[in-house]
Amino acid sequence: MDRSRLYWIFQIFGWSAFAVINLFFVSLIRGITSVQIGAYLSLGAFYFVSTHYFRHIIKSQVWFNFNLSKLLINAFLALLVLSFANVIATVLINWIFGILRAQEDLKPIVLLVNMFISFLYYALWAMMYFLYHFLENYNTTLKYQAKINEVKLNQLRNQLNPHFIFNALNSVRALVDENPPKSKEAITQLSNILRYSLIMDKKRTIDFSDEIKIVRDYLDLESIRFEERLEVSYDIEKKAYHYKIPPMMLQTIVENAIKHGISNLMRGGLIHIKCSVGLADDLYISVKNSGQLKNTTNRRENDGSGHGISNTIQRLKLIYGSKAYFKMRNFDSEFVVTEIKIPKQSTKLD
């Protein structure tokens, strides 16, 4: 079940149950009236609204990125504020419904007891909320680690297959006599790609600048092989360099464009890479290449690109859930466009 939907179910059911249980015990002592029903439902509604606002603060200020000591201090102070607000709300609700007993209900000891009880309720809510989040993150991390172990060999096989290395070495060999400085540069670029690929599994995400550098090295090497048959252009906003993305993600898409697009065209073609930041601060990556999808339904997952694209999609889901998306489609009759959205919080991921 979707996490947001599960939250609303527990939130509504939990605080409704709180009101009903309190009404049940009150009815055992002195019966139950419509006024008491209204008062306890109003109190349950206040708990509902206040805890939801607390959740909003946690998410907007990204509390889950705090270290443990800072998180505990912030949570404790927030619970005190919520408890104090709850005491005031209880007094107001009782006054509105005409059941406030000022001489008893406004005694300092009574107010402190009520504050302590509401603190316990809020603390229980916070404990369940944080526990659920940490357990889910732990489970997601385990899934990611298991998946990355499975993906690693397939990813390396697709990214650095013997065919690519063979072509790159042949291209460098041809340059040794013809253009020695260029051959040295090509060897450096190939070395960078090999080194990057061997360490790519050590992090969930890496700086966008590191990924685009490897993509440039890769396309420079392929430009030696394709010569005038390959045209490459970039349109990258400066803000994009502040983001993190899954390693080898963009390189996988570009290699897929070369392998299944450019290399199958007699005259070669174009690869255009565009990266921009949207209004909601999400990162949008677009790769347009000459060619056409054979089957737009499976998005090249089964047409020969093998595990590369499907692994990219799975990694995006594991890291970002439903907040990221991946689309591959034909554009006009000459191009294929691959679009990816990386959510804003990717800047926080390591």
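This is a predicted model: local features need pLDDT of at least 70, side-chain atom pairs count only at pLDDT 80 or more; totals for chains, interfaces and linings use all residues.
**Entry 1. The chain overall.**
I began with the protein chain as a whole. I counted its secondary structure as 10 helices and seven strands. The chain has 350 residues, and 42% of them are buried. I then looked at contacts with a sequence separation of 6 or more, and found that 74% of them join residues 24 or more positions apart.

**Entry 2. Helix α8.**
I turned to α8, which covers residues 208-226. I listed its buried residues as F208, E211, I212, I214, V215, D217, Y218, L219, L221, E222, I224 and F226. Just after the helix, I noted that E227 has a positive phi of about 55°.

**Entry 3. Helix α9.**
At 1.5 Å a residue its 12 residues should span 16 Å, and I found 17 Å between the end C-alpha atoms, which agrees. How many of its 12 residues are buried? I found 11, so this helix is mostly covered, given that buried means under 20% relative accessible area. The buried ones are M249, L250, Q251, T252, I253, V254, E255, N256, A257, I258 and H260.

**Entry 4. How α8 and α9 pack.**
Two packed helices are described by the angle between their axes and the distance between those axes. The crossing of α8 past α9 is right-handed. On the α8 side, I found the contact made by F208, E211, I212, I214, V215, Y218, L219, E222, R225 and F226. On the α9 side, M249, L250, Q251, V254, E255 and I258 take part. I sorted this contact by class and got 11 nonpolar, one polar and four charged residues.

Next I looked at the loop between β3 (244-245) and α9, where M248 lies. M248 is not a glycine, yet its phi is positive, near 70°. Is M248 buried or exposed? Its relative accessibility is 1%, so I put M248 down as buried.

**Entry 5. F331, in strand β6.**
I moved on to strand β6 (residues 325-331), which contains F331. The relative accessible area of F331 is 31%, so I recorded F331 as partly exposed. Which residues does F331 touch, leaving out those up to four places away in sequence? I found K288, Q292, V336 and V337. I also looked up F331 and L293, which are 38 residues apart in sequence and 9.6 Å apart in space, C-alpha to C-alpha.

Last, I looked up D332, in the loop between β6 and β7 (335-342). D332 is not a glycine, but has a positive phi of about 55°. Its relative accessible area is 61%, so I noted D332 as exposed.

Notes:
Residues are numbered from 1 along each chain as its sequence is written. Side-chain values use heavy atoms; hydrogens and water are left out. Axes are lines fitted to C-alpha atoms, for helices over the stretch in contact, and angles run from 0 to 180 degrees between N-to-C directions. Helices (H or I, at least four residues) and strands (E, at least two) are DSSP runs, numbered from the N terminus. A crossing is left-handed if the near helix is turned anticlockwise from the far one by less than a right angle, and right-handed if clockwise. Contact means heavy atoms within 4.5 Å. Ala, Val, Leu, Ile, Met, Phe, Trp, Tyr, Cys and Pro count as nonpolar, Asp, Glu, Lys and Arg as charged, and the others, Gly among them, as polar. The expected span of a helix is 1.5 Å times one less than its number of residues. Buried means under 20% relative accessible area, exposed over 50%, partly exposed in between (1.4 Å probe, protein chains only).
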